[in-house]
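Colleague: I have a bit of time before my next meeting. Could you walk me through the charged side chains in this one?

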Amino acid sequence: MEDLKPIEIVRELDKYIIGQKNAKRSVAVALRNRWRRQQVEENLKDEIAPKNIILIGPTGVGKTEISRRLAKLTDSPFVKVEASKFTEVGYVGRDVEAMIRDLVELSVNMIKSDEQDKVKEKASRIAEERVLDLLLPPAVKKDPEKPQEDGIVEIEAQPLPEKNNSTESNGYSNKTREKLRKMLKERKLDERYVDLDVSERSMPVVEVFSNLGIEEMGLNLKDMLGGAFSQAKKNRKVKVKEALKIIAAEEAQRLVDMDKVVDMAVERVEQAGIVFIDEIDKIAEKESGYGPGVSRAGVQRDLLPIVEGSSVTTKYGVIKTDHILFIASGAFHTAKPADLIPELQGRFPIRVELNALAADEFFRILTEPKNALILQYIALLRTEEIDLIFEDQAIKNVSKIAEDVNNRTENIGARRLHTIMEKLLEDILFDAPDLKDKKVIINEEYVNKKLKDVIKDEDLSRYIL
């Protein structure tokens with residue numbers, strides 16, 4: 001964060017999101033203010049609250065993508081929720097505190113994964129030793145009086161010298177072990193089978209209800225019942241290469257200090273967590289007097305203490321939400337931010353309006369970003385050894401068609417490009433494995449030929465595009 005100046009944050013967002021300069025500037029400042037807060041004196045640090053943001057604009061203009069890329073840029077825990085999915089307390093459904101529990105769970109998994117990466121090398125070394133033990137089992141002394149079962153051959157152990165450092169205690173020499181180790185590293189033993197005890201992953205049925213009440217009570221059922229749900233071991237015959245992966249994963253889990261992971265995860269959520277609340281305009285609409293009866297204003301009142309700053313009980317402990325950054329978004333077609341209850345409005349002081357996208361933006365979206373849609377199709381067809389080439393005029397035509405269809409029908413922003421591109425390349429994608437001509441050029445004529453009938457017939461356009 002220290003190295004990320006607001007201008008650099010905007011520059012990074014520009015690699016994936018076209019336009020929306022004001023929104024990018026607002027989130028960049030909000031992110032930089034987090035770092036600034038960490039630098040101020042201790043007695044003032046807790047007094048500085050994050051400036052939450054409302055992004056206003058039609059669907060498909062980049063609201064969610066800006067927030068997601070922002071979180072990825074700083075490796076912050078990020079969760080996206082839809083305001084319309086929540087109900088006020090007393091109704092069946094998810095309560096607003098679930099978003100914080102989801103955020104903590106995500107943060108724990110992120111940090112656990114990072115910690116496992118740090119011990120990956122050590123876990124691999126342990127896995128190698130354990131696999132060598134499986135490949136070199138202790139020799140069994142033959143009992144002449146014991147009848148042998150069919151197919152089982154007992155190996156008579158050789159007497160071990162009392163003092164010989166070149167001999168392992170299992171009856172095999174270090175030389176043999178090192179020879180096998182070399183073969184293991186050279187992957188010559190990958191296809192050999194070994195017997196391995198593997199943990200069975202069986203989840204108790206009661207966990208299905210965890211979001212509906214058990215966690216709210218601060219209970220962890222597995223801890224309460226102790227070993228009742230302990231993982232059973234199952235003996236499996238697996239290939240050496242698979243055994244190495246299984247053992248390394250188990251050892252990495254053992255080597256990670258989960259208490260440390262939880263402490264780090266809780267701190268990261270409290271200091272750097274980002275919650276993206278989509279469709280907030282759906283709970284801003286005024287009561288209609290009919291419908292299912294779930295009060296939208298009630299959801300807002302439940303949301304208020306979370307955004308203001310409160311303590312939420314999770315299975316990892318109590319989480320303070322005072323410094324979590326909340327970014328809300330909505331199209332606000334039938335409602336406006338002023339329709340939110342005044343207290344909630346005050347907790348989202350920054351309002352940014354995102355512009356609807358036109359043909360010029362669509363052209364840039366198709367060509368400029370690192371994950372541009374055209375680059376994705378080129379990469380997909382390259383797997384079939386087909387060289388897909390787009391002429392600039394063809395891309396301009398697609399962009400103009402996307403703008404026209406958005407104007408005539410529902411405006412769904414850049415998502416319209418996905419529909420049009422699929423329709424445009426439908427035949428090529430279907431016939432790709434059997435195409436003899438491995439060079440396909442998409443020009444203006446091809447675009448007009450494929451899409452002209454759909455564009456002319458407005459009813460068909462509404463149905464297909």
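Predicted model: local features only at pLDDT ≥ 70, side-chain atom pairs only at ≥ 80, totals over all residues.

Colleague: Fine. How many helices and strands does the protein chain have?

Modeller: The protein chain has 19 helices and 11 strands, and of its 465 residues 39% count as buried. Its accessible surface comes to about 27300 Å², with 49% of that belonging to carbon and sulfur atoms.

Colleague: And what share of the contacts with a separation of 6 or more comes from residues 24 or more positions apart?

Modeller: Such residues account for 77% of those contacts in the protein chain.

Colleague: On to the charges, then: how many salt bridges does the structure hold?

Modeller: There are 33 salt bridges in the structure, and one of them joins the side chains of E42 and K45, with N to O at 3.6 Å.

Colleague: Where do E42 and K45 sit relative to each other in helix α3?

Modeller: They are 3 residues apart in helix α3, which spans residues 42-45, so about one helical turn separates them. E42 is exposed, at a relative accessible area of 57%, whereas K45 is buried, at 14%.

Colleague: What about a pair that links distant parts of the chain?

Modeller: K315 forms a salt bridge with E105, and their closest N and O atoms are 3.6 Å apart. This pair spans 210 residues, with K315 in the loop between β6 (311-314) and β7 (317-320) and E105 in helix α5 (residues 98-118). K315 is partly exposed at 38% relative accessible area, and E105 is partly exposed at 27%.

Colleague: And R177 with E129, which helices do they lie in?

Modeller: The side chains of R177 and E129 meet in a salt bridge at 2.9 Å, N to O. R177 lies in helix α7 (residues 174-185) and E129 in helix α6 (residues 120-135), 48 residues apart.

Colleague: Is R177 buried or exposed?

Modeller: R177 is buried, with a relative accessible area of 8%, while E129 counts as partly exposed at 30%. Both belong to a network of salt bridges that links E128, E129, D133, R177, E178 and R181.

Colleague: Changing topic: which residues gather in a patch of negative charge on the surface?

Modeller: That patch gathers D257, D259, D263 and E267. Among them, D263 lies in helix α10, residues 258-272, and D263 is exposed, with a relative accessible area of 54%.

Note on methods:
Residues numbered from 1 in each chain as written. Heavy atoms only, no water. Patch = residues over 30% accessible without salt bridge, like charges linked within 9 Å, V, L, I, M, F, W, Y side chains within 5 Å. Areas by Shrake-Rupley, 256 points an atom, 1.4 Å probe, with all protein chains shown as cover. Salt bridge = Lys/Arg side-chain N within 4 Å of Asp/Glu carboxyl O. Lys, Arg positive; Asp, Glu negative; His and termini not counted. Charge placed at Lys NZ, Arg CZ, Asp CG, Glu CD. Helix = DSSP H or I, 4+ residues; strand = E, 2+ residues; numbered from the N terminus. Buried < 20%, exposed > 50% of the residue type's maximum accessible area, 1.4 Å probe, protein only. Contact = heavy atoms within 4.5 Å.
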